[in-house]
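Here are my notes on the model, as numbered points. Please read them with the structure open.

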Amino acid sequence: METNTEKQEYTITVYTENQVGLLNRIAIIFSRRKINVESLNTSPSEIAGIHRFTIVVMESRDVVLKVVRQIEKQVEVLKAYFNTNDEIVWQELALYKVLSEEITEKVKVERLLREYGARAVAIRKDFIVFETTGHREETNKLMKALEPFGLVEFVRSARVAIIKESSGFHEKLKDFEQREPSEDVIENEYLGKREAVFTM
Amino acid sequence: MATKKLTGAQAVLEACIAEGAETIFGYPGGAIMPIYDALYDYNDKLKHILVRHEQGGIHAGQGYARTSGKVGVVFATSGPGATNLVTGLADAMIDSTPLVCITGQVFAHLLGTDAFQETDIINITMPVTKWNYQITDATEIPGILAKAFYLARSGRPGPVLIDISKNAQIQSFDYEGYTPCNHIRSYRPKPVIRKNYIDEAVDLINNAKKPLVIFGQGVILGKAEKEFKKFIEKSGMPAAWTILGLSALPTNHPQNVGMLGMHGNYGPNVLTNECDVLIAVGMRFDDRVTGRLDKYAKQAKVIHLDIDPSEIDKNVKATVGVWGDCKETLPLLTLGIQEKDRSDWLKVFAEYTQKEYDQCIKDEVYPSSKEMTMGEVIRIVNETTKGDAVMVTDVGQHQMVTCRYAKFNESRSNVTSGGLGTMGFALPAAIGAKFGAPDRTVIGVIGDGGIQMTIQELGTIMQTGVDVKIMILNNQFLGMVRQWQELFNEKRYSFVDIQSPNYVMVAKAYGIEGAKVEDRKDLVKAIETMLAHKGSYLLEVMVGKENNVFPMVPQGCSVSEIRLK
């Protein structure tokens, strides 16, 4: 039984204006409360001119709810959602650099690629770069597999996530938390009509 | 409208005029010189008050905003000028005071080079502003300032800081006039009101046997004093206030049952834990109000009215959250609730009031001791002003005593640093309060600690001739900390013994009349003289050194564990 005070992974999706300094304003909300951000990604969204932050934290529902409301309070934030892992589809991308000599001698590379769903994105005389996408456990597996063969570099991207139940930001989520007052669609009329309203 | 050439600096001043911000508190410096140069020609339209320190300037802006209901405007230069604003910004942020602060910044091409008086004020002030923005191109000025004023005053008000690089102030551009802002698509000043919450809240109130209304500054900020009065009067509910809610409801209103929180009144604190429905209006359940949270109003159903959705369920879980501007939600509730006579329930409060009066208040306002008390000083002020003065307080014992005992007839009469507890607030805030309410008597009640933090603002009083009454309640201690050291640290008085200069002489040096009272027999006369005096006046009253403020909810205790002694 999931409780409101039990910590688990939450993915926070924030739709914002594209504005200098906003990343810092959002980061401050976490750091002020000593909440560690596990992963953070900013990217364009489905609507031109609107940015999308994807933030992963390990926290209780109570804390996440309050944090999300603080995020929504920021002037340039249009909307923030938070979801548990079963409510989203998510991926992370990882890159692995290994020495060609080492890996080709000791491993059957093609088998490695098949087994871990990896791709070789760069093959050079001196090194090879593999790439996988998937959940943390999956990208970790290949890291573990490559470690014995001298993994030279490893890097993993932030999580990007799609909310299963979301019909996109064009129509705001309807089944959002019932007491959430911001379900009003008034400002939705202005989305995508940037020039028609007051802008910076 | 035909365009004309303006400099960025002129556009800033045009914006202030268009927004009705005719009074500006500020201090010049290198990076804001173009704005001050432009100000030279705007003297007939804008009144600039030269303060003695930027912190004084921003507190004055806060005092102005609190009494006038308008946006306070503050000018400061870059670097130290800007960083001196930080305390005031934090204060205004936590107390929801509308401010627009304009800071100068180094030339845009020098940003990030550690130029003279360069500081990253945007990032420094990010957590203590509702919004901030750096302008490096003059063409942005009209739009950004319109946005700044709109954000400062709309929704839950707060401070906005606009940093303008020197080149943008100097730059000439085609000015197309000023258009006020009334919409920002990513900003929702107030949530939409939903009928189902109103209905649920009305049901709870109608079925309540012992409802208690607790109200905060939201009532004042929402200009909803009338709506609030109608709401409580229709169903006869007792109403208690937070320190910032004070004066929204006249002191003598029969349903005004007093102050909440750590040094609040006995009845409202104890009965918070006995009411069946707690109706919180425009307040945020600060820890100084709630005491120990897990023992706070656990028996009660909670209705929470707030314009800021992030306040609902933040500290106290609401049974019904009524999102919205209370100016709009209160009349909807009033419409639905039944007229009720709750005199039996009000009688319970009266019994507690009597008990508190006998054990606590009586000796504070009519002391039997030889030493004067802060409570009797405030009682005499009440008797002299009849509750018509604006009371500006600093932070500490005198603040608690003033808020407990001062009488108020009208709203926007209590100006104090509530959330942040900023010592040094009162003197500059009183100056601003007087500019914001020039027809009213403004009394700054200040301790001997706080006055010494911003005493330089006596210079502002001297130069502007503003009529502010300064009342120093001197107990020769940092009294509130001393009280805690007495009660919780076995009287280990660690650095609370503070010496004072001769305040009357200091005042005289600034050309301000003053007097000192050490004997009770002179007190009434001295207060009358102060209030009758034309122009500013400083009155120092020597009060008991080791008096304590009671009742008190000790930290970590429940509101029902309030101590009378």
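1. Chain A, overall. Chain A holds 5 helices and 9 strands. Their order along the sequence is β-α-β-β-α-β-β-α-α-β-β-α-β-β. Chain A has 200 residues, and 27% of them count as buried. Take the contacts in chain A with a separation of 6 or more: 73% of them link residues 24 or more positions apart. Keep in mind throughout that this is a predicted model.

2. The A–B interface. How many residues of chain A are in contact with chain B? There are 23, and they meet 23 residues of chain B. On the chain A side, helix H1 (22-32), helix H2 (61-73) and strand E4 (77-84) each supply at least two of the touching residues. By class, that side of chain A has 10 charged, 9 nonpolar and 4 polar residues.

3. Domains of chain B. Chain B is divided into domain 1 (4-175), domain 2 (195-348) and domain 3 (372-542). The C-alpha centres of domain 2 and domain 3 of chain B lie 30 Å apart. The two do touch: 12 residues of domain 2 of chain B are in contact with 15 residues of domain 3 of chain B. On the domain 2 side, the touching residues are 7 nonpolar, 3 polar and 2 charged.

4. Strand E2 of chain B. This strand spans residues 23-26, and both of its faces are covered. B:Thr23 and B:Phe25 are buried on one side, B:Ile24 and B:Gly26 on the other. Strand E3 (residues 47-50) of chain B runs parallel to E2(B), and 4 bridges join the two. Within that pairing, B:Ile24 has B:His48 as its bridge partner in E3(B). From E2(B) the chain passes through helix H2 (residues 33-39) of chain B to reach E3(B), and this β-α-β crossover is right-handed. E2(B) is also joined by 3 bridges to strand E4 (residues 72-76) of chain B, again in parallel. There, B:Phe25 is partnered by B:Val74 in E4(B).

5. Strand E9 of chain B. Why is strand E9 (residues 211-215) of chain B described as largely enclosed by the rest of the structure? Because 5 of its 5 residues are buried. B:Pro211, B:Val213 and B:Phe215 point one way from E9(B), while B:Leu212 and B:Ile214 point the other way. E9(B) pairs in the parallel sense with strand E12 (residues 277-281) of chain B, over 5 bridges. It is joined by 3 bridges to strand E10 (residues 239-241) of chain B, also parallel. B:Ile214 takes part in both pairings: it stands opposite B:Ala280 in E12(B), and its bridge partner in E10(B) is B:Ala240.

6. Nonpolar cores. In soluble globular proteins, nonpolar side chains tend to be buried together. Here the largest nonpolar core has 184 residues. B:Val12, B:Val100, B:Ile162 and B:Ile303 have the most contacts inside it. Helix H7 (residues 141-153) of chain B gives the most to this core, with 8 residues. Leaving out residues up to four places away in sequence, B:Ile162 touches B:Val100, B:Ile102, B:Tyr133, B:Ile135, B:Ile144, B:Leu145 and B:Ala148. A second, separate core has 21 residues, including A:Leu22, A:Ile55, A:Val67 and A:Leu78.

7. B:Thr441. This residue sits in the loop between helix H18 (426-436) and strand E17 (442-447) of chain B. Is B:Thr441 exposed, partly exposed or buried? It has 17 other C-beta atoms within 10 Å, so it is partly exposed. Beyond its neighbours within four places in sequence, B:Thr441 is in contact with B:Thr385, B:Asp388, B:Ala389, B:Val390, B:Lys469 and B:Leu531. B:Lys469 is 28 residues away in sequence, with a C-alpha to C-alpha distance from B:Thr441 of 7.9 Å.

8. B:Lys534. Look for this one in the loop between helix H22 (523-532) and strand E20 (537-542) of chain B. B:Lys534 counts as exposed because it has 7 C-beta neighbours inside 10 Å. For a distance check, take B:Lys534 and B:Thr242: they are 292 residues apart along the chain, and their C-alpha atoms are separated by 33 Å.

Note on methods
Residues numbered from 1 in each chain as written. Chains lettered and ligands numbered in written order. Predicted model: local features only at pLDDT ≥ 70, side-chain atom pairs only at ≥ 80, totals over all residues. Contact = placed C-beta atoms within 7 Å. Nonpolar A, V, L, I, M, F, W, Y, C, P; charged D, E, K, R; others polar. Buried ≥ 20, exposed ≤ 12 C-beta atoms within 10 Å, placed from the backbone. Domains from an automatic or database assignment. Pairing = 2+ DSSP bridges. Right-handed = clockwise from strand over helix to strand, strands pointing away. Core = buried A, V, L, I, M, F, W, Y, C linked by C-beta atoms within 7 Å.
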